[in-house]
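Dear colleague,

Please find below the structure that I am handing over to you. A summary of the findings follows it, arranged by topic.

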Amino acid sequence: MKKSDRLVVANFKMYLSCAAEIDRWLEIFSKAKKGIRISNTKIILCPPLLFLDRIMSKNKNGFIEFGSQDSFWENRGAHTGAISPIMLHSCQVNYSILGHSERRISLGETDGMIARKIQAAIGVGMCPILCVGENADQKKRDMLMDVVLSQLDKCLSPVSKGKIEKVVICYEPVWAISANSPSRMPTTNEIMGARLLIKKFLVEKYGQNVSSRVKIIYGGSVDSKNITSVCLDSGMDGVLVGKASTMPYELIKIAQSIDD
Ligand code: PGA
């Protein structure tokens with residue numbers, strides 16, 4: 001893979017919760033990116049969808065793309081409150097974060113549901129960003145391998161060899177997410193180990209060739225200070241950034257650090 005394909009996925013979650021806060025973020029972001037050259041890294045902004053238009057209209061810049069924090073498994077019909085891949089894609093939203101642990105935990109999303117969402121997103125040409133990772137208890141019981149392999153196996157079950165390149169896989173240990181007050185960051189070796197595990201799964205299921213084009217990124221308390229260790233040193237293709245993405249200068253710094 002060319003280094004050029006690094007990704008910084010900005011998951012705003014519900015951290016910025018009103019139009020005024022989004023406008024403030026936009027104002028600072030526009031200053032932060034002034035004069036900055038980012039040529040080989042994409043920043044994918046994933047705001048709450050209600051604010052998407054506002055953010056899009058001010059960011060028609062080459063290195064910025066857009067994503068959603070979820071998308072449904074059907075494209076149309078009687079599904080109150082759902083947003084479908086076809087709606088998103090028609091609004092130039094090309095990425096969708098799927099299987100985030102916060103949705104698994106608070107909304108009871110299962111691997112089966114996530115698999116259907118991935119299939120629907122790929123079906124309209126979107127790139128799903130699939131989150132996998134163990135929680136604190138599973139980590140304690142040394143279950144990382146079982147948990148991640150089982151999530152990959154179930155969530156990617158409908159994805160064929162011809163489509164797997166569309167999927168971005170995010171290794172995000174649940175215990176390392178900033179909102180879960182981690183006592184430490186995963187080490188470079190731990191992240192590298194998870195990357196190898198995911199790579200091996202992909203190679204066995206889809207073959208060496210196509211697997212080398214699937215991006216694997218890291219998520220969990222990423223900031224401009226730890227970016228080298230969690231991304232560059234561990235050989236990751238990018239990062240998923242939650243809390244730090246609400247600070248525009250941090251977000252730009254993170255992207256600059258992995259841009260080469
Ligand atoms: P964090 O969130 O960077 O605040 O840990 C990452 C995520 O959960 O997407």
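**Salt bridges**

The side chains of R54 and D23 are joined by a salt bridge, with 2.8 Å from N to O; the term stands for a side-chain nitrogen of Lys or Arg within 4 Å of a carboxyl oxygen of Asp or Glu. R54 belongs to helix α2 (residues 52–57) and D23 to helix α1 (residues 19–32), so this pair ties together parts that are 31 residues apart in sequence. Helices (H or I, at least four residues) and strands (E, at least two) are DSSP runs, numbered from the N terminus. R54 counts as partly exposed, at 35% relative accessibility, and D23 also counts as partly exposed, at 29%. Here buried means under 20% relative accessible area, exposed means over 50%, and partly exposed lies in between (1.4 Å probe, protein chains only).

The model is predicted: local features need pLDDT of at least 70 and side-chain atom pairs count only at pLDDT 80 or more, while totals for chains, interfaces and linings use all residues. Residues are numbered from 1 along each chain as its sequence is written, and side-chain values use heavy atoms, with hydrogens and water left out.

A search of the whole structure gives 17 salt bridges. One of them links D111 and R104, whose closest N and O atoms are 2.6 Å apart; both D111 and R104 are buried. Another joins the side chains of E109 and K117, at 2.6 Å from N to O. E109 is buried at 7% relative accessible area, and K117 is buried at 4%. Through salt bridges that share partners, D70, R103, E109 and K117 form one network.

**The chain as a whole**

The chain contains 11 helices and 8 strands. Its radius of gyration is 17 Å, close to the 18 Å that the globule rule gives for 260 residues, so the chain is as compact as a globular protein of that length. That radius is taken over C-alpha atoms, and the globule rule is 2.2 Å times the number of residues to the power 0.38. Along the principal axes, the C-alpha atoms fill a box of roughly 45 × 45 × 35 Å.

Of the 260 residues in the chain, 51% are buried. Among contacts (heavy atoms within 4.5 Å) between residues at least 6 apart in sequence, 72% join residues at least 24 apart. The chain exposes about 11,900 Å², of which carbon and sulfur atoms supply 53%. Accessible areas come from the Shrake-Rupley method with a 1.4 Å probe; for residues, only the protein chains shown count as cover.

**A buried isoleucine and a surface patch**

I164 is located in the loop between α7 (144–155) and β6 (168–171). This residue is buried, with a relative accessible area of 0%. Setting aside neighbours within four places in sequence, I164 is in contact with L156, V159, L202, Y206, V210 and V214. I164 and P128 are 36 residues apart in sequence, and their C-alpha atoms are 9.9 Å apart in space.

On the surface, I83, I86 and M87 make up a nonpolar patch with about 220 Å² of accessible area together. Patches are made of residues with over 30% relative accessible area and no salt bridge; like charges are joined within 9 Å, and nonpolar side chains (Val, Leu, Ile, Met, Phe, Trp, Tyr) within 5 Å.

**Cysteines**

With a disulfide taken as a pair of cysteine sulfur atoms within 2.5 Å, the count comes to 0. C46 is in no disulfide, and the nearest cysteine sulfur, that of C131, is 9.8 Å away. C46 is buried, with a relative accessible area of 0%. The sulfur of C170 is 4.6 Å from the closest cysteine sulfur, in C131, which is too far for a bond. C170 is buried, with a relative accessible area of 0%.

**Backbone angles in two loops**

D142, a residue other than glycine, has a positive phi near 60°. D142 is found in the loop between α6 (136–140) and α7 and counts as exposed, at 71% relative accessibility. S221 is not a glycine either, and its phi is positive at about 60°. The loop that holds S221 runs between β7 (216–219) and α10 (227–232).

With kind regards
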